Every structure is written in C-alpha cells, then in structure tokens.
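Student: I would like to go through the charged side-chain contacts in this structure. Can we take them one at a time?

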Amino acid sequence: MNRRGPGLLGAAARTAVVAGTASAVSGRVQQRQQARFAQQEAEQYAAQQPPPPAASPAAAPGEDMIGQLERLAALKQQGILTDAEFEAQKARLLAG
C-alpha cells in the first residue's frame, strides 16, 4: 500500500487543531466586542446622567431630603436606577 499524506488519524488531528484555533480566535473576538459594547454602554449611561443637584443653603434639611428622594424616584421611573440602586440610595439618604 502506497500512502500519500497523513492518513486518517493525521487528518483528524489537523482538523482538530484548526477547529480549536478557530474556536479560540472566535472567543477572543467575542470577548473584545463584549468589552467594547460594555464600555460604550457605560459612556452612554454616564452621558445621560443629570448633573448633581446644587445644594441650596437656605433650604431646610428636611425639605432637601424630600427633594432628593423625589429626584431618586424620578430616576427610578425613567429606568436610570434599578430597584436595588434606588433602595441603596434611599437608605443612604435616610441614614445620613
């Protein structure tokens, strides 16, 4: 029998190496794209944030807290804050 080429086992090994390399490259490309999309999403989220409210020195502490709670509720209704973020910020305001 005169063989030409690597034979069945060699061909299977070469196919496995090519497939593994392609899979690894594809996974790295996907990770980079996900990281890029996450960064773009974070930048868009930061750009949509309203500027922090200026504290009014004449306002009473109770009135200021109510205003801050109302702003937090508005951010939650707009979908900017999640329920967990809203609760955390509310607890921080009420504790301070």
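Student: Which side chain meets Glu87 in a salt bridge?

Tutor: This is a predicted model. The cut-off for a salt bridge is a side-chain nitrogen of Lys or Arg within 4 Å of a carboxyl oxygen of Asp or Glu. Here the N to O distance is 3.5 Å. The partner of Glu87 is Lys90.

Student: Where in the chain do Glu87 and Lys90 sit, and how many residues apart are they?

Tutor: Both lie in helix 3, residues 83-95. About one helical turn separates them. Their spacing is three residues.

Student: What is the relative accessibility of Lys90?

Tutor: Partly exposed runs between under 20% for buried and over 50% for exposed. Glu87 is partly exposed at 40%. Lys90 also counts as partly exposed, and its value is 27%.

Student: Which residue pairs with Lys76?

Tutor: Side chains of opposite charge can pair when their charged atoms come close. For Lys76 the N to O distance is 3.5 Å. The residue is Asp83.

Student: Is Asp83 buried or exposed?

Tutor: Exposed means over 50% relative accessible area. Asp83 has 52%.

Student: How many salt bridges does the count come to?

Tutor: One joins Asp83 and Lys76. Another joins Glu87 and Lys90. The count is two.

Student: What share of the protein chain do buried residues make up?

Tutor: The chain has three helices and zero strands. It holds 96 residues. Buried means under 20% relative accessible area. The buried share is 7%.

Technical notes: Residues are numbered from 1 along each chain as its sequence is written. This is a predicted model: local features need pLDDT of at least 70, side-chain atom pairs count only at pLDDT 80 or more; totals for chains, interfaces and linings use all residues. Side-chain values use heavy atoms; hydrogens and water are left out. Buried means under 20% relative accessible area, exposed over 50%, partly exposed in between (1.4 Å probe, protein chains only). Helices (H or I, at least four residues) and strands (E, at least two) are DSSP runs, numbered from the N terminus.
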